[in-house]
Amino acid sequence: MVELKTDTSIDAMYEAGQVVASALTAVRKAAGVGVSLLELDEVARDVLRSAGASSPFLGYRPSFAPTPFPAVICASVNDAIVHGIPDTYRLRDGDLVSIDCGAELGGWVGDSAISFVVGTPRPADVRLVETAERALAAGIAAAVVGNRIGDIAHAIGTVCRAAGYGIPDGFGGHGIGRRMHEDPSVPNEGRPGRGMPLRHGMALAIEPMVIGGGTDVFHAAPDGWTLRTHDGSRAAHAEHTVAITESGPRVLTARDAG
C-alpha cells in the first residue's frame, strides 16, 4: 500500500533528507587517496550523530541478506554496483566510488547516493558518473502528478541505454517515508504510460544504476551484500529522495538548498 504524505510530513522528510545531504557532502570531502572505507563510514556516523539522526542502514537485514548490514553507508568501489560494505580498503588514485547513505530523523527517512572518482579520473569513468546523474535528473523530471511509474522508469532507461550502458535487472528505486523501503517499486527501465499513477504526496527514492560494460549481468559477492558487475567493468549509482507535489517534484535530499 502506498502512503500519501501530507505537506507537513514532506517538510519533515526534507529535514531527514538534509542530514543525508550533509553526510554525503562530508564523505565526498573526506574521500581521498589512502583513506579507508571504514574511515568514510565514521565520517557519516559523525554527521548523523551530530544531527540527532539514526541510520536506517545499520542493522538492516532484508530477506536476501545473510547478516545485518554493519555500517551507515554503502561504499561500492569500481566494479561494485551497490551495497558495498565499508572495510579497511584504502582508496587508490582513479578509484570510482559510489556512496549510498540514509538517515532517520523524527520518524521520517531520507536516502541518497553519489558516485565520484578519487584522484585522477579516467574519461570513461567521468562519462559513466555523468550518465547516472543525467538519468537521475530525467527520472526526477518525469516524477510529476499525472504521470505514471513507467514514465520515470522509461526516462531513466532511455538515458542509460542511449549511452550504451547496462542496467542491473531487478534493482531500482522505491517508495520511502516512515521506512526506508516502501511501496511502490520504481524500476530503472520500463514503458511510458504504464504502472501506478503519480499523485501529490507520494515520496520516492529514485536511483539509477549503470554498468559500464554494457551488459545487465551482475552477481553477489561472497559477503552476500555487494553486487558486482559480472564482466568486471565499472559501475555508478545516483539517488535522490523526491516528493511528488502539485507544483512539481521536490528533491528532499538536494545537496544545495531546497
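Tutor: The lining of the largest pocket is made of 16 nonpolar, nine polar and 10 charged residues. Keep in mind as we go that this is a predicted model. The pocket itself has a volume of about 630 Å³. Its lining counts 35 residues, and of these His83, Phe171, Gly172, His181 and Glu207 are the closest to the centre. Strand E5 (173-175) and strand E6 (182-186) are the elements that give two or more residues to this lining. E6 gives the most, with five residues.

Phe171, one of the residues closest to the pocket centre, also takes us to the aromatic contacts. Three aromatic pairs turn up in a search of the whole structure. One of them is Phe64 with Trp225, an edge-to-face pair with 5.4 Å centre to centre and 75 degrees between the planes. This pair links distant parts of the chain: Phe64 is in the loop between helix H2 (37-51) and E1, whereas Trp225 is in the loop between strand E9 (218-220) and strand E10 (227-229), 161 residues apart. Phe64 has 45% relative accessibility and therefore counts as partly exposed, while Trp225, with a relative accessible area of 4%, is buried.

Now back to Phe171. Its ring and that of Phe218 have their centres 5.5 Å apart and their planes at 80 degrees, so this pair is edge-to-face. Here too distant parts of the chain are linked, with Phe171 in the loop between helix H4 (149-162) and E5, and Phe218 in strand E9, 47 residues apart. Phe171 is partly exposed, at 25% relative accessibility. Phe218 is partly exposed as well, with a relative accessible area of 24%. As for Phe64 and Trp225, they form one aromatic cluster together with Phe69.

Let's move on to the second largest pocket, which has a volume of about 220 Å³. It is lined by 15 residues, and Leu37, Ala75, Val77, Asp87 and Arg228 are the closest to its centre. By class, the lining divides into seven nonpolar, four polar and four charged residues. Strand E1 gives the most to this lining, with three residues.

That makes E1 worth a look of its own. This strand covers residues 73-77, and five of its five residues are buried, so it is largely enclosed by the rest of the structure. In a regular strand, side chains alternate between the two faces of the sheet. In E1, Ile73, Ala75 and Val77 point one way, and Cys74 and Ser76 point the other way. E1 runs antiparallel to strand E3 (residues 96-105), and five bridges join the two. Within this pairing, Ile73 stands opposite Cys101 in E3.

Definitions and conventions: Residues are numbered from 1 along each chain as its sequence is written. This is a predicted model: local features need pLDDT of at least 70, side-chain atom pairs count only at pLDDT 80 or more; totals for chains, interfaces and linings use all residues. Side-chain values use heavy atoms; hydrogens and water are left out. Buried means under 20% relative accessible area, exposed over 50%, partly exposed in between (1.4 Å probe, protein chains only). Helices (H or I, at least four residues) and strands (E, at least two) are DSSP runs, numbered from the N terminus. Two strands pair if DSSP finds at least two bridges between them. On a 1 Å grid over the protein atoms alone, a cavity is a set of points where a 1.4 Å probe fits but cannot get out, and a pocket is an open set with protein on both sides within 12 Å along at least five of seven lines; lining residues have an atom within 4 Å of a point. Grid points are joined across faces, edges and corners, and a volume is the space filled by probe spheres set on the points. Ala, Val, Leu, Ile, Met, Phe, Trp, Tyr, Cys and Pro count as nonpolar, Asp, Glu, Lys and Arg as charged, and the others, Gly among them, as polar. Rings of Phe, Tyr and Trp (its six-membered ring) pair if their centres lie within 6.5 Å; planes under 30 degrees apart count as stacked, over 60 as edge-to-face and the rest as tilted.
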